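Student: I've got this model open and would like to go through its pockets and its sheet. Can you take me through them?

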Amino acid sequence: MSVYIAHRLFAAHDRALAADLARRVAAKAGPEHVFLPFCDTDEEDLVAEVKGRRLFELDRERLGHLDAMVALLHGPSLDDGVCMEIGYAAASGIPVILVTTDFQTYSLTEAGHRLEFPDPLLQAVATSIVRVTRLGAPALPSVPAHSRFTGFRSRNTAQTSTALDAAVDAFLDLPDRAPQLVGAPAVIGAPVYVEASPYTAWGRDHLAKACVDAGHTVVVPARFTAADPIAGALADLTAVCTAARFLADVSGPETPPGTALLIGAAVASGVRIAAFQPRPTFTHAHGREPNWRNLMIQYAAETHLDNGEAVLSWLAA
């Protein structure tokens, strides 16, 4: 069984954590069955005319030949590239194990359903969730620590180790294949799915209104207002994967996690995607072209829209 370790790439401690998980999985399943991004794409030394696009292509190729995914998530701000990969796997029927040591739970209202992640889509598509919220046991009084900081670090290290071991066990217990979550392919006349961002100045309804004014039938997210957020999230997943087009506002410090997940699902389902972001923030890495969003989001979208006129032009194309 081939397993993909999805993780945030752009900080050393995240790559180290993912490598520790990959090592543990490899010890049980064999190293040839584990794919670790950045490590196994040789990203630092890769040379390509458009490096970010090439990395996207390599990643997508790998996502198309998986048996399972284990994703490391740190809340409440979840990496948009990882969320995109989760959506791709989920729409492809690939089992997804989510791993978090976040001690918080979330809800969409003060008294609403408690959720493992800020967006119910993550919980809805997960085959299994490994969640370790407590620190490891403190050192015995008879075993003095060098300092209180050493003891605190040891307790956090124990917590992380417990989570990684539990993730390996969850992987080994996976069924051969997860059930397909999405509906039938899009048909002629299918609606446009529109996902707004809480960060944009345009507000919740402007993109949907632009689509309606252009003569399109529109579907908007159900999960944020549904009595059952998980059921609403699965309805959103199916709606995106059967839509004619997906218009996603990717504004924010990162693409909102649910939006990123749905972009991955749309890519796997062959749905046309446009990313709306009036005020992009560019990222730069050695040997790579400037990217206006996480490269998995940027190259998943067929076009980048930054104003209302651009939206109308894309809808008319």
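**Pockets and sheet**

Tutor: The lining of the largest pocket splits into 14 nonpolar, eight polar and six charged residues (Ala, Val, Leu, Ile, Met, Phe, Trp, Tyr, Cys and Pro count as nonpolar, Asp, Glu, Lys and Arg as charged, the others, Gly among them, as polar). The model is predicted: local features need pLDDT of at least 70 and side-chain atom pairs 80 or more, while totals for chains, interfaces and linings use all residues. Residues are numbered from 1 along each chain as its sequence is written, and side-chain values use heavy atoms, without hydrogens and water.

Student: Which helix gives the most to the lining of the largest pocket?

Tutor: Strand S6 (192-195) and a helix at 257-269 each supply at least two lining residues (DSSP runs, helices H or I of at least four residues, strands E of at least two, numbered from the N terminus). The top contributor, with three residues, is H8.

Student: In what order do the five strands of the open sheet come?

Tutor: Pairing here is parallel, and two strands pair if DSSP finds at least two bridges between them. S2 (34-35) and S5 (128-131) each have a single partner strand, so one side of each is left without a neighbour in the sheet. The order is S2-S1-S3-S4-S5.

Student: What is the bridge partner of valine 99 in S5?

Tutor: Strand S4 covers residues 96-100 and runs parallel to S5, with four bridges joining them. In S5, the partner of valine 99 is valine 130.
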